[in-house]
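Subject: Structure handover

Dear colleague,

Please find the sequence and the structure below, as you asked. My notes on what was found follow directly after them.

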Amino acid sequence: MTKADSPARRAGQSSVALLIVGGGIMGLWAALYAERRGIDTLLIDGGSLGQGTSGGLLGALMPHTPDVWDEKKQFQFEALTALETEIAGLEAATGLSAGYRRCGRLMPLPKPHLRVIAERRIPDAERNWNQCGRAFDWQVIDRTPVDGWPAADVSGAGLTFETLSARVDPRALISVLTAALRTARHVRIIENCTADQIDAERGCAILSNGETIAFGHCIVAAGIRAFPMLEALGPALPKPIGQAVKGQAALFRTEVDPALPLIFLDGLFVVQHETGMVAVGSTSENHFVRPEGTDHQLETLIARARKMVPLLEGAEIVERWAGLRPKAIDRDPMVGPHPDAPRILALTGGFKVSFGLAHSLAEAALTLMAGGAPSMPSSFLLESHLDVAAR
Ligand SMILES: Cc1cc2nc3c(=O)[nH]c(=O)nc-3n(C[C@H](O)[C@H](O)[C@H](O)COP(=O)(O)OP(=O)(O)OC[C@H]3O[C@@H](n4cnc5c(N)ncnc54)[C@H](O)[C@@H]3O)c2cc1C
């Protein structure tokens, strides 16, 4: 779709083929793919690009376990393997680094029965993580390859070591995507401007800068704010279609080897970055009083992380950070047209795995927008989430 296909311009009203509301990781990938398709696009963000939850500290890109293979795991596997090539291409084009590395992941096994479960997954990985010329391992090992990463006493029954996980520096990736878009021919960006109202019938949005913009399609990638915006397009529902879940994280100044695998145990992530910094996270708070700011829950997590990785004991904490993750009612990402307003599409709900999936979800949203059928689990469709909320 080019400028010529944009909706007719009414008096005093500008128009675009595609309006993207929200410039977090979801909206930025959508804008990049719109550029590649030559779609006349306006990307707006209420603040600066990446200022929402996407501007966090962790950037873990972790797969689901390789057993009980299904459509969701296949989608994620393909997304995680494709991301590496996407990022390498963008880094080459922009001359910037996203801090990406396929570092693998260590998961301590504190109890013998967990080792039995982990060992059962070895053949699953041989089968399911070996596709399209890419093969990744799920191994069970007796001790950590690097002393103290993690401490021996948390891995009494050994550790799982898998080689599919990767990590990226979230802020660096946002900068890479933003730099790529700054030279775009078809995408215009307006920051510090919100979409205050989306009028599905007239196909236009009223922006906080006073402008009314007509659109052919609108992708709502507004993170946690996307849920009420999408709900407003249809009949009232007994339940909300998604919620905000607060997460807190911290960044330590260290000089660890950036090639170390990330560590994951019982919801605690330890992610070493290219800079030598180590990010630790994250809480999952369904209920919270203050959306912003960190509190004692982060201090508890930091204490756990220091026990698990003793080298963090004396390391300086350079940042404490909190954000609100968009969690759709069905936990899955939320993508695609609203059944009552088919020109308006969702692109949100990535919850804890957005960074590994956002590019593939954005591609799926654009395919749906063009009337195509992406290879994506049907439970990701906005329609499916609306059904769950209506029950
Ligand atoms: C502590 C923590 C740790 C995490 N760790 C990981 C991790 O290791 N790996 C991982 O994959 N994910 C992780 N996540 C989840 C991930 O950060 C989020 O799922 C992801 O960033 C969501 O991206 P988004 O683009 O949907 O939303 P956001 O990044 O929140 O972007 C939405 C944007 O929309 C804008 N906006 C909102 N309303 C409007 C409006 N009306 N008009 C215009 N603009 C608007 C906002 O300003 C914002 O910039 C973590 C989250 C937290 C909180």
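Two strands are taken to pair if DSSP finds at least two bridges between them. By that rule, S7 and strand S8 (residues 159–162) are paired, in the antiparallel sense and over four bridges, with Gln139 standing opposite Phe161 in S8. Please bear in mind throughout that this is a predicted model.

The sheet

S7 and S8 belong to an open sheet of eight strands, whose order is S7-S8-S4-S15-S16-S17-S14-S18 and whose pairing is mixed. Strand S7 (138–141) and strand S18 (316–328) stand at the edges, and because each has a single partner strand, one side of each is left without a neighbour in the sheet. On average, and with direction ignored, neighbouring strands of this sheet are turned by 20 degrees against each other.

Further along the order, strand S4 (residues 105–108) runs parallel to S15, and two bridges join them; Arg105 has Leu262 in S15 as its bridge partner. The pairing of S15 with S16 is antiparallel and extends over three bridges, and here Phe264 has Phe269 in S16 as its bridge partner. S15 and S16 form a hairpin with two residues between the strands, in which Asp266 takes a positive phi near 45 degrees.

Helix H7 (residues 296–308) lies across strand S14 (242–253), strand S15 (262–265), strand S16 (268–272), strand S17 (278–281) and S18, and H7 runs at about 50 degrees to S14.

Arg115 and its surroundings

Arg115 is a residue of helix H3 (residues 112–120), and its side chain makes a polar contact, at 3.0 Å, with the side chain of Asp142. If neighbours within four places in sequence are left aside, Arg115 is in contact with Leu109, Val140, Ile141, Asp142, Ala157 and Gly158; of these, Val140 and Ile141 fall within strand S7 (138–141).

At the N-terminal end, H2 is capped by Asp70, which has a side-chain oxygen 3.2 Å from the backbone nitrogen of Lys72. Gly95, with a positive phi near 75 degrees, follows H2. The buried residues of H2 include Phe75, Phe77, Leu80, Leu83, Ile87 and Leu90, but Lys73, Gln76, Thr81 and Glu86 are also among them.

Helix H5 (residues 170–182), with 13 residues, reaches 18 Å between its first C-alpha and its last, again close to the expected value, which is 18 Å at 1.5 Å a residue. At its start, a side-chain oxygen of Asp169 comes to within 3.1 Å of the backbone nitrogen of Arg171. Among the buried residues of H5 are Leu173, Ile174, Val176, Leu177, Ala180 and Leu181, and the buried residues of this helix pack against helix H1 (25–36), strand S2 (41–44), H2, strand S10 (187–190) and H8.

Places in the backbone to look at

Two peptide bonds are cis. Trp149 and Pro150 are joined by one of them, with omega about 0 degrees, and Pro150 lies in the loop between S7 and S8. The peptide bond from Gly281 to Ser282 is also cis, with omega near -20 degrees, and Ser282 lies in the loop between S17 and H7.

Phe351, by contrast, counts as buried because its relative accessibility is 12%, and buried means under 20%.

Terms used:
Residues numbered from 1 in each chain as written. Predicted model: local features only at pLDDT ≥ 70, side-chain atom pairs only at ≥ 80, totals over all residues. Heavy atoms only, no water. Buried < 20%, exposed > 50% of the residue type's maximum accessible area, 1.4 Å probe, protein only. Polar contact = N/O pair within 3.5 Å; in protein donor to acceptor, adjacent residues only side chain to side chain. Axes fitted to C-alpha atoms, helices over the stretch in contact; angles between N-to-C directions. Contact = heavy atoms within 4.5 Å. Expected span 1.5 Å × (residues − 1).
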